[in-house]
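Have the structure open as you read.

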Amino acid sequence: MSGPILAIETSCDDSCAAVVADDGTVLSNVIASQGIHDRYGGVVPEIAARQHLHLLTPTIDTALEQAGLRLAQIERVAVTQGPGLIGALLIGVGQAKAIAAACSVPLVAVDHLQGHIAANFVEPDPFEPPFICLVASGGHTFLARVEDHASYETLGATLDDAAGEAFDKGARMLGLPFPGGPALEALAREGDETAFDFPTARNVKGFDFSFAGVKTSLLYMIADLGEDETERRRADLAASFQRAIVDALLTRLERALDASGLDRVAIGGGVAANGPLREKVEALGAVSHIPDRLLCTDNAAMIGVAARFLPDCSPDQALALDAYPSGSSR
Ligand code: KG4
Ligand code: ZN
């Protein structure tokens, strides 16, 4: 272990920097949302990369300032290596390499999905392995068995869309802005979640997920109802659609928990910010850990906390570090 870690996360459209102390305390966690992609209805990779170029340096400065530290006091630099948008990742990786080299401190490469799990290790309320973790974000949805702080075993994953992608696409069909998850959750609060019966992919066995069916089902439902009736029943549609996604996530989580023999459960990823999902996970009856909403959606604090348990790159590895768009380098 060493002193404070400067962490950088640029895997998608948020430019993020954080400072994490040696003991895992988050000293600062700054997220500069690009706020430009909503006009296109989704993240445009090239624009995301260009925006990181503008936003990342001031975001790092703010993170250091809020932590009350100067760059010279940083003892490690952690960066998201992948998976994510390759152009966006490369801006963060390049910046992290440059800072580590200029300050002569080690670089730590962090997998974004390990970061979402590590959101559960944040002080002052760290959740200790072993546990089952549901990770649901815009790009990934999977169940992990977490036995230690540095790795996990994937028990099952989505066969098609990620849960966050389903939220985003459903929201778009209902005329809501991007990102759709928070907007759909807000609209759903005014609706009846039992009004429509959307599928939860009951036919998909084991610990895998599928969200293509629920998305298509909403599309057909909107076509059947017609414009006026869809408009009148938007909140009911949102509430029922959200219930189907949350139930699908919960069913697999319960299955994995039963099969594992573990009584400890955690969640992570942007969809873990969803209120009904958070309530239902807490109500499972297992010992549960639900990270703060800010630690669920993309942020650099989770990358810094993950780095506490990971090895440094050697100087040669650091200079040669490349980003990876999908999968993992490990
Ligand atoms: O983890 P994240 O910030 O980025 C990725 O790694 O993908 O997750 C973003 C996803 C988006 O699809 C967004 O719509 C969804 O998380 N999300 C939510 C909520 N907040 C964010 N989905 C449902 N309810 C929310 N409150
Ligand atoms: Zn993420």
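**From the pocket to the zinc**

Helix α4 gives the most to the lining of the largest pocket, with seven residues. This is a predicted model, where local features need pLDDT of at least 70 and side-chain atom pairs pLDDT 80 or more, while totals for chains, interfaces and linings use all residues. Residues are numbered from 1 along each chain as its sequence is written, chains are lettered from A and ligands numbered from 1 in the order written, and side-chain values use heavy atoms, without hydrogens and water.

In all, 46 residues line this pocket, and Asp13, Gly138, Asp168, Phe178 and Pro179 lie nearest its centre. At least two lining residues come from each of β3 (26-33), α3, α4 (163-173) and α5 (180-188).

Now turn to the zinc ion (ligand 2), which is coordinated by His112 (NE2), His116 (NE2) and Asp298 (OD) at 2.0 to 2.1 Å; donors here are N, O and S atoms within 2.8 Å of the metal (3.2 Å for Na, K and Ca), and since water is not among the atoms, sites may look incomplete. His112 in helix α3 (residues 112-118) and Asp298 in the loop between α9 (293-296) and α10 (301-307) are 186 residues apart, so the pair links distant parts of the chain. His112 is buried, with a relative accessible area of 5%, and Asp298 is buried at 16%; buried means under 20%, exposed over 50% and partly exposed in between, with a 1.4 Å probe on protein chains only.

How values were computed
Helix = DSSP H or I, 4+ residues; strand = E, 2+ residues; numbered from the N terminus. 1 Å grid on protein atoms, 1.4 Å probe; cavity = no way out; pocket = protein on both sides within 12 Å on 5 of 7 lines; lining within 4 Å.
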